[in-house]
Amino acid sequence: ARILPKALSDDELRAVHVPVLLLMGEREVIFDPAKALARARRLIPDLEGELVPLCRHDMCQSQFQIVDAKVHDFLSDN
């Protein structure tokens, strides 16, 4: 059975007041990653976000060098 994630409301996203790193695979098929990232940028006050190239939601394996570097930099800065 496929279980899809529940999208947060606009108000829930606006209420996030901590630094957020949002990485999504540019080839994601569960949702439109470009639209999701644009929405997050519009609603989350302190967001750093990026589409990870050449992957879906498997980015921690298929693009681990990019993901590891982004997470390391984010944690070092915050």
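Predicted model: local features only at pLDDT ≥ 70, side-chain atom pairs only at ≥ 80, totals over all residues.
Good morning. Asp11 and Arg14 form a salt bridge, with their closest N and O atoms 3.0 Å apart. Asp11 counts as exposed, at 56% relative accessibility, whereas Arg14 counts as partly exposed, at 40%.

The C-alpha trace spans about 35 × 35 × 20 Å along its principal axes. Of the 78 residues in the chain, 24% are buried. If we take the contacts with a separation of 6 or more, 66% of them are between residues 24 or more positions apart.

I return now to the charged side chains. How many salt bridges does the structure hold? There are 3 salt bridges in the structure. As a general point, side chains of opposite charge can pair when their charged atoms come close.

Besides the pair I began with, there is a salt bridge between the side chains of Arg39 and Asp10, at 2.7 Å from N to O. Arg39 lies in helix α2 and Asp10 in helix α1, which spans residues 10-14, so this pair ties together parts that are 29 residues apart in sequence. Arg39 is partly exposed, with a relative accessible area of 24%. Asp10 also counts as partly exposed, at 31% relative accessibility.

Glu50 and Lys70 likewise meet through their side chains in a salt bridge, here at 2.9 Å from N to O. Glu50 is in strand β2 and Lys70 in helix α4, residues 64-77, so the pair ties together parts that are 20 residues apart in sequence. Glu50 counts as partly exposed, at 28% relative accessibility, and Lys70 counts as partly exposed too, at 26%.

On charge overall, the chain carries 10 positive and 13 negative charges, and the mean positions of the two sets are 8 Å apart.

Strand β2 brings me to another residue. Val52 is found in this strand, which covers residues 47-52. Is Val52 buried or exposed? Its relative accessible area is 1%, so Val52 is buried. Beyond its neighbours within four places in sequence, Val52 is in contact with Leu23, Met24, Gly25 and Glu26, and also with Met59, Gln63, Ile66 and Val67. Asp10, by comparison, is 42 residues from Val52 in sequence, and the two C-alpha atoms are 24 Å apart in space.

Which residues make the nonpolar surface patch? Leu4, Val29, Ile30 and Phe31 make this patch, and its area is about 360 Å². One of these residues, Val29, lies in the loop between β1 (20-25) and α2 (33-43). Val29 is exposed, with a relative accessible area of 56%.

Thank you for your attention.

Technical notes: Residues numbered from 1 in each chain as written. Heavy atoms only, no water. Helix = DSSP H or I, 4+ residues; strand = E, 2+ residues; numbered from the N terminus. Buried < 20%, exposed > 50% of the residue type's maximum accessible area, 1.4 Å probe, protein only. Contact = heavy atoms within 4.5 Å. Patch = residues over 30% accessible without salt bridge, like charges linked within 9 Å, V, L, I, M, F, W, Y side chains within 5 Å. Areas by Shrake-Rupley, 256 points an atom, 1.4 Å probe, with all protein chains shown as cover. Salt bridge = Lys/Arg side-chain N within 4 Å of Asp/Glu carboxyl O. Lys, Arg positive; Asp, Glu negative; His and termini not counted. Charge placed at Lys NZ, Arg CZ, Asp CG, Glu CD.
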